[in-house]
Amino acid sequence: MPETMTAVSEYPLEFRLNNQPVRCRVPVERTLADFLHDDLGLTGTKLGCSRGVCGACVTLVDGKPVASCSTFAFQVNGREVLSIEGLETDGVLHTIQQAFVARSAFQCGYCTAGMVLLTKSLLDHHPEPSRELIVEWISSNVCRCTGYALIIEAVEEAARKLRAERQP
Amino acid sequence: MSAVQPTLKQVGVSAPRSDAHAKVSGRAIYGPDITLPGMLHAKLLRSPRAHARVVSIDATAARAMPGVRAVLTRDEIPKNIVPFYGYFIKDQPMVALDTVRYIGDIVCAVAADTEAAAVQALQAIKVVYEDLPVASGIEAALQPEMPALFEQAPMGIVPPYGQGASAVLRPRKNVCYEFAYSTGSADAFAGCDHVFEDEFRFSRMTHYHLEPFVSVADARAGQIQVWASCQNPFPLRKEIARMFKRPENQITVHVPYVGGGFGSKNNVKTEAVSVMLSLMSGRPVRLCLTMEESFLTNTQHAAILRLKTGVMNDGTLIARESEILLDAGAYSDASPLVAEKAGYRVPGPYRWKHINTTCACVMTNTAPAGPFRGFGGTQASWASESQVDMIARRLGIDPYEMRMRNLLALHEPFMPGESGVDSDMREGLDLVCEAIGYHGRKHDNSGPVKRGMGIAIGFKDGGGVNKPAQARVKMSTNGDVFLQCGTVEIGQGAHTTLAQVVAEVLGTRVERISYARINTDFTPFDQGTNASSGVAVMGRAVMRAAEALRCQILEFAAREMKVPVAELALEDATIVYGDKRQPLAPLVMRHFGGTGYEFSADGYYKPELDHHAPLEAQCVFWEIGWGAVEVEVDTETGQIKVLKLVASGDTGRSLNPLVCRGQEDGAALMGLAQTLFERMVYDGSGRLLNGDPLTYRVPLAEDLPREFSTITQEQGHGPGPYGSKGAGEATILPIASAVANAVHDAIGVRITELPITPVKILEALGRA
């Protein structure tokens, strides 16, 4: 074992990830992004800028979007974390994911997990967002490919469909 | 029998992308997701000096640190390898030898058990530098007293050129390559009513692909395997083979999904170092760069463009001479190719009697510039479409009329020996003018906030030069289809659109087609995913492969069924014969036995070599972007607001309309960002001031103009499958000049340097 590993102190971590309980020890300096991607093999969380700017690594912590590259893993102790892998139910894509497929609201796909989760949080908090509110939220993440118009359309479509699903 | 075209079912519809599920579910695997057992992590020590001699490197302490498995400095490079890479000119060393040439130049590399251990080890390496004068930009590099970045000429070649074109390696100090193109006689200027000379400046962007540069190399057991975030796996294989003196069949390049490139992921980036460290350590090595390092790895070309244009009183364009200086940065990378294209494209889409252009790649102590969406066409269009507009206004002609008078007609050759233009450019211009309300425009500009409209036509040759394409299509006993070709899925939707072509030819559905993962051992050879060549070049090879496969299957069925092949059709692994429908599988099992068979056919396409064509092969298709913009300029603050932007490209025929729209939207917004704010800022001493994600501004959703639309034209003249041609670069081309033209329309002053900022507007108004 290299010496650098033994000097690191660890933190006992207990939280819910994608509706499953997780208990483990995690090095204090481990970011949530590295913890998910490297330690748990949940590679859907993408590291873009690693500076909390681009939003590719967004996960939802207690329903709110956080840049997991700029969050320590120990900070989610006792919380509820949703990563992109937790959005499907029984292999069926979430309505938001379906809307991104239907509107071709992605190209290279590297920002997509972050965009989809950001949208989930937006629509959970604001089921009937105005276009302005969508633009404001989506502006916290970077997509270098699409020019955003199709993403905005996908969010609008997802909002419509989710509202329809809630109708009795 | 009537000659009715069969209705297309798979092509021309916005089929969900075949990579959709993988990408929205988070299952898609990219370069940074690749891990191998026992894999080490590499990090790079980069030069803090812009230009310096490397006096000494002491890595003794680093080597002794825990977890460190290999340290690569100039002293570890084996004698039997060639440590340089590049395109036409092999001048970039895998790690610095005697000189560092820009801040960020790679000096050493460490492979360790963890990234953290590698970073710690780098901090223990002592390098002594001796500073040299810094060529911070084009003009500084060309000063007589500035020393050469390269004392000796690096190894390089000039490819053969055709009619009117030529190039020289290292024509003068700090110029690594100069391209020239000439047609007609310079006497044409003598007959002109007016000759105008103008200079334009083009700023540079970084690609800002969200997925970092990354590779995993495993050089154990003789075979060198590389998993790379790369848009040209076969040239990468060739380059690794050349550097490490290995046969190409001992190198395998794997390409997973690529998280954006926009040109930057061509050729060697991290791979030479990861391979070298793997050879040294005997372990797999992963080298994943940070976004800050991306800024230091590859950029667009800043440029100075000087245009001298002769015209008649009525606005007829006659002659143009131009001198373009590209800022190539510290290493040549793809600069010679970009110079070719910038130099060749500067005439724009107009008819001329005389053209004489040169384009030089100037070496500076800044990050190496390379391929970037638009590839010289963006620079050329910025200058050309600005100047055409300026000339129109000087002559009192409407810029629309000026363009209409001079545009090449459909099928008219761009230059002598060149292919005909495959879009009706007047039709496209009318379309965007109508969409924005150009002709009836009325602006009340009596107040301090003024409005104006501008138009432009960006223009480039598409599909690469003399680019071959090969594809293979296979069908299993049950009718499952495999498409194999080297086009990398980098976001452009190539997997989907090419699968749509195959589905159409084979009468099946896109869902039945898999796009085989790229592995240079099995994938048919390809030169690279670039130059918008996916549809117009690879698409033709794919279509031919699918047609050959259909032929093969139908001939097999005809023999088995003992009926004439001409009367058979293929529909989703079913043979249709009159009103009979015979599934393919039983025929296969009867002939080949119970384990079945796999039909397989190849397709090939390459443009003809043609010495009459200036670039040695005629251009495959023309990628043209029309732009129309309405702006509002506050003459008191200099604030500029784009109220309306209409951009349009001609896809010939959209194989997948939503995929095409995504390309045009994305390219247009990238162009708008460069026009208004996005650029790399150097401080004059070789230091990049905004080389990080927080201070480098890329467009966000809130930067979309209030009214933003792209219109995909389908004029039907493309050479690709079903009349298609390439997309993805067209709409980046016209935006900057359209905005500058609109600003001129609004406030009567001309901005000739990008980006168009409030400060420049106030300066131009004499108010700064």
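**Exercise 1. In which loop of chain B is Lys245(B) found?**

Solution. Lys245(B) lies in the loop between H5 and E16 of chain B. Helices (H or I, at least four residues) and strands (E, at least two) are DSSP runs, numbered from the N terminus. The structure is a predicted model, in which local features need pLDDT of at least 70, side-chain atom pairs count only at pLDDT 80 or more, and totals for chains, interfaces and linings use all residues. Residues are numbered from 1 along each chain as its sequence is written, while chains are lettered from A and ligands numbered from 1 in the order in which they are written.

Next, take the backbone: phi of Lys245(B) is near 50°, a positive value in a residue other than glycine. Last, take the surroundings. A residue is buried if 20 or more other C-beta atoms lie within 10 Å of its own, exposed if 12 or fewer, and partly exposed in between, with C-beta atoms placed from the backbone. Lys245(B) has 10 other C-beta atoms within 10 Å, so Lys245(B) is exposed.

**Exercise 2. Is Tyr208(B) buried or exposed?**

Solution. Locate Tyr208(B) in the loop between strand E13 (194-202) and strand E14 (214-218) of chain B. Its phi is near 55°, also positive in a residue other than glycine. Within 10 Å there are 24 other C-beta atoms, so Tyr208(B) is buried.

**Exercise 3. Describe the pairing and the crossover around E16(B).**

Solution. Strand E16 of chain B spans residues 251-255, and four of its five residues are buried. Two strands pair if DSSP finds at least two bridges between them. Strand E15 (residues 224-228) of chain B runs parallel to E16(B), joined by four bridges; here Gln225(B) stands opposite Thr252(B). From E15(B) the chain passes through helix H5 (residues 233-244) of chain B to E16(B), a right-handed β-α-β crossover. Right-handed means that, with the strands pointing away from the viewer, the path from the first strand over the helix to the second runs clockwise. E16(B) also pairs with strand E25 (residues 518-519) of chain B, in the antiparallel sense over two bridges. There, His254(B) has Asn519(B) as its bridge partner.

**Exercise 4. In what order do the four strands of the open sheet in chain B stand?**

Solution. The order is E24-E23-E22-E29 (chain B), with mixed pairing. The edge strands, E24 (513-515) and E29 (598-605) of chain B, each pair on one side only. Strand E22 (residues 469-476) of chain B and E29(B) pair in the antiparallel sense over eight bridges, and Met475(B) stands opposite Phe599(B).

**Exercise 5. At roughly what angle do the axes of H15 and H16 of chain B cross?**

Solution. Two packed helices are described by the angle between their axes and the distance between the axes. Axes are lines fitted to C-alpha atoms, for helices over the stretch in contact, and angles run from 0 to 180 degrees between N-to-C directions. Helix H15 (residues 657-676) and helix H16 (residues 735-747) of chain B have axes that come within 8 Å and cross at roughly 50°. Angles under 35 degrees count as roughly parallel, over 145 as roughly antiparallel, 65 to 115 as roughly perpendicular and the rest as oblique. H15(B) and H16(B) are therefore oblique to each other.

**Exercise 6. Between which two residues of chain B is the peptide bond cis, with omega near -10°?**

Solution. The bond runs from Leu754(B) to Pro755(B). Pro755(B) is in the loop between H16 and helix H17 (758-764) of chain B.
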